[in-house]
Amino acid sequence: MADLTVKFDVLVIGGGNAALCAAISARRAGASVLVLEGAPKFYRGGNTRHTRNMRCAHDAATDILTGPYTEEEFWDDLLRLTGGQTDEELAKFMIRESKDILNWIVEQGVRWQPSLGGTLSLGRTNSFFLGGGRAMLNALYLTAEKLGVEIVYDAEVIDLDIEHGMFLSAKLKQPIDGTSEIRASALVAAAGGFEANIEWLKEYWGEAADNFLIRGTPYNRGSILKMLLDKGVQDIGDPTQCHAVAIDARAPKFDGGIITRHDSVVFGIVVNKHAQRFYDEGEDIWPKRYAIWGRLVAAQPDQIAYIIFDASVRNSFMPTLFPPIEGGSIAELATKLELDPAALEKTIAEFNAAVRSGTFDHTILDDCRTEGITPPKTHWARRIETPPYLAYPVRPGITFTYLGTRVNRQARMVMKDGKPSANMFAAGEIMAGNVLGKGYAAGIGMTIGSVFGRVAGREAAKNARN
Ligand SMILES: Cc1cc2nc3c(=O)[nH]c(=O)nc-3n(C[C@H](O)[C@H](O)[C@H](O)COP(=O)(O)OP(=O)(O)OC[C@H]3O[C@@H](n4cnc5c(N)ncnc54)[C@H](O)[C@@H]3O)c2cc1C
C-alpha cells in the first residue's frame with residue numbers, strides 16, 4: 001500500500017500508455033513516482049486497452065515490419081492528413097523520437113507480433129502489440145511495479161492546486177478512503193481527452209452528440225484537461241476535432257472497443273436515412289480514410305447511416321461483433337433497415353449503372369470506378385447485384401478528442417502567457433492536438449503517448465531533482 005502522505009517527486013495522473021511510459025521513464029531517471037488511475041484495476045488503462053498497433057519511423061524492415069518507413073515519409077503522411085494543421089517542430093521531433101521508441105518499448109517488456117491482415121494494409125508502417133493493447137499494458141504495469149512505481153486504482157483526481165503555473169498538490173477521491181491531498185514536486189497529466197463527457201461534446205456538437213457512441217473508456221471525461229485549462233494552461237486544437245470512425249449502431253454507449261468498427265465501406269456503398277449516398281466510398285485506401293467516416297455520419301440526419309454490400313464480398317473484411325442485416329431483395333433489406341424501399345432500389349440501380357469495371361484490388365487505388373454520378377466512387381466500385389443483400393447500420397464512434405494542453409519539446413505545459421510551466425508536463429490524448437490539428441492515420445495515438453510520455457517522465461524527474 002502506497003503511503004500517500006509523503007511528497008512524491010513525480011505524480012502521474014492517468015493509467016494508460018502515456019501515463020505508464022511517463023511513470024517508467026521518471027522512475028528510471030531516479031524519481032519516486034505515484035500513478036493515480038481513476039478506473040478500477042480491472043478496467044485500468046483507458047483507451048490504450050483497445051489498441052492494436054503503433055506507428056513508428058524506421059529505416060529498414062524488421063522481424064515484423066515488411067519495409068522501411070522513413071522520417072520523411074511519416075512527416076509527408078502527417079502533413080497530408082492534418083492538412084498542415086500540426087506543430088511542425090513538435091511533430092518532427094515526435095517522428096524522430098518514434099524511431100527509438102520501437103526498441104525502448106520492448107525494453108519495457110512489450111512484445112511485437114506480425115501485422116494483422118484484412119483491410120488494414122499496415123504491415124510496413126505499424127508494429128502490432130503481441131496480444132493487443134491489454135497485453136501491452138500488462139507488460140508496462142509489471143515493469144513499473146518491478147521498478148517501484150506506486151500505483152493506486154479507483155483513484156480519481158478531482159482537483160488540482162496550481163499557482164502561477166506551478167503544480168502544488170492534487171485532491172484525490174477514493175471510494176473507501178474518501179478525499180486526500182497528494183503532494184508532488186512535478187506533475188505529468190496523462191488523463192486522456194474529454195470524449196466520454198457527452199455534455200462537453202454537446203457544447204460544440206449540439207444535440208447530435210446524444211447519438212454519438214464512445215468507443216473507449218467511460219473514465220476519460222476530460223476533468224483534468226478542464227482543470228488545467230481553467231487554471232492557466234494554454235489550450236491547443238479545435239474542440240470539434242476528434243478521431244471518429246463509423247461503428248455499428250448496435251454497439252454499447254461506451255467501451256465497445258475495436259470489435260464494433262466496420263471496415264467494409266470500400267466494398268460497398270454508404271447511404272443515409274433517406275437512402276442517399278453522400279460521400280466517395282473509394283476516395284483513398286482504407287487506413288487513410290477510415291477515420292473520416294465518423295464525422296461524415298455525424299453530419300447526416302439523425303447521425304445514422306448504412307453500409308450496403310452484397311453476398312459476393314461478405315468474406316472480404318474482418319467480421320465484427322454484429323452480423324450484417326440481410327435481405328433476399330433490396331426492397332426486403334430496406335424494409336428491415338426502415339428505409340424507403342423505392343429510394344434504396346433507385347440509389348443502387350443508379351450506382352450499378354455508373355460502375356465502370358476494372359481489375360479490383362483494395363490494396364491499391366485500382367481502376368474500378370463510377371462515371372456520371374455524384375458523389376462518385378473513385379476506386380473499388382463494383383455492382384451490388386448478388387443476393388442476399390447485406391447492411392450494417394453505423395453511427396459516429398468517437399475515439400478521442402483533440403482539444404488539449406499546449407506543450408513544448410520537453411512535454412512541458414505552456415501557460416496562457418506563453419511561459420513554460422514550472423513543473424507540469426502532459427502526454428498522450430490530453431496533448432494530442434499539438435500534433436493532430438485534424439485527421440488521423442492508424443497508430444499515431446500510441447506514438448504520441450509513448451514518445452511524449454517517455455519525454456514527460458524524464459523531464460519531470462529532472463525537474464523534481466532540481
Ligand atoms: C477502440 C479503440 C482502438 C484504438 N486503436 C488504436 C491503435 O491500434 N493504435 C493507436 O495508436 N491508437 C489507437 N486508439 C487510440 C489510443 O487508444 C489512444 O490514442 C491512446 O491509448 C491514448 O493513450 P493515453 O494514455 O493518452 O490515454 P488513455 O489510455 O485513454 O488513458 C487515460 C487514463 O486517464 C485516466 N483518467 C481520466 N481522468 C482521470 C482522473 N480525473 N483521475 C485519474 N485518472 C483519470 C483514465 O482512467 C485512463 O486510465 C484506439 C482507441 C480506441 C478507443
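These legends walk through several close-up views of a predicted model. Residues are counted from 1 along each chain, in the order its sequence is written. Since this is a predicted model, local features need pLDDT of at least 70 and side-chain atom pairs count only at pLDDT 80 or more, while totals for chains, interfaces and linings use all residues.

**View 1. Around the ligand.**
Here we look at the shell of 43 residues that surround the ligand, the closest being Gly16, Gly38, Gly46, Gly428 and Gly445. A residue is near a molecule or strand here if its C-beta atom, placed from the backbone, lies within 6 Å of it. At least two shell residues come from each of α1, β3 (53-55), β7 (156-163), α6 (223-230), β18 and α11 (444-465). Those labels follow DSSP runs, numbered from the N terminus: helices are H or I runs of at least four residues, and strands are E runs of at least two. Which element gives the largest share of the shell? That is α11, with four residues. Sorted by class, the shell holds 15 nonpolar, 23 polar and five charged residues. For this sorting, Ala, Val, Leu, Ile, Met, Phe, Trp, Tyr, Cys and Pro count as nonpolar, Asp, Glu, Lys and Arg as charged, and the others, Gly among them, as polar.

**View 2. Helix α1 against helix α4.**
Two packed helices are described by the angle between their axes and the distance between the axes. The axes of α1 (residues 17-28) and α4 (residues 132-147) come within 10 Å and cross at roughly 25°. Axes are lines fitted to C-alpha atoms, for helices over the stretch in contact, and angles run from 0 to 180 degrees between N-to-C directions. So α1 and α4 are roughly parallel to each other; angles under 35 degrees get that label, over 145 is roughly antiparallel, 65 to 115 is roughly perpendicular, and the rest are oblique. The crossing of α1 and α4 is left-handed, a word used if the near helix is turned anticlockwise from the far one by less than a right angle, with right-handed used if clockwise. On the α1 side, Leu20, Ala23, Ile24, Arg27 and Arg28 meet Leu137, Leu140, Tyr141, Thr143, Ala144 and Leu147 of α4. By class, this contact of α1 with α4 has eight nonpolar, one polar and two charged residues. Two residues are in contact if their C-beta atoms, placed from the backbone, lie within 7 Å.

**View 3. Helix α9 against helix α10.**
How do α9 and α10 cross? Their axes come within 8 Å and cross at roughly 130°. That makes α9 oblique to α10. The crossing of α9 past α10 is right-handed. Ile330, Ala331, Ala334 and Thr335 of α9 meet Pro341, Leu344, Glu345 and Ile348 of α10. By class, the contact of α9 with α10 has six nonpolar, one polar and one charged residues.

Alanine 331 belongs to helix α9. Leaving aside residues up to four places away in sequence, alanine 331 touches Pro341 and Glu345. Alanine 331 counts as partly exposed because it has 16 C-beta neighbours inside 10 Å. With C-beta atoms placed from the backbone, a residue is buried if 20 or more other C-beta atoms lie within 10 Å of its own, exposed if 12 or fewer, and partly exposed in between. Glutamate 338 sits in the loop between α9 (330-337) and α10 (341-354). Glutamate 338 is exposed, as it has 10 C-beta neighbours inside 10 Å. Its phi is positive, about 60°, although glutamate 338 is not a glycine.

**View 4. The loop between β17 and β18.**
Most residues other than glycine have a negative phi, and most peptide bonds are trans. Threonine 374 and proline 375 are joined by a cis peptide bond, with omega about -10°. Proline 375 lies in the loop between β17 (369-370) and β18 (389-401). Proline 388 is found in the loop between β17 and β18 too, and the peptide bond from proline 387 to proline 388 is cis, with omega near 0°. Threonine 378 also has its place in the loop between β17 and β18. Threonine 378 touches Asp280, Gly282, Glu283 and Arg369, not counting residues up to four places away in sequence. Between threonine 378 and glycine 282 there are 96 residues in sequence but 5.2 Å in space, C-alpha to C-alpha.
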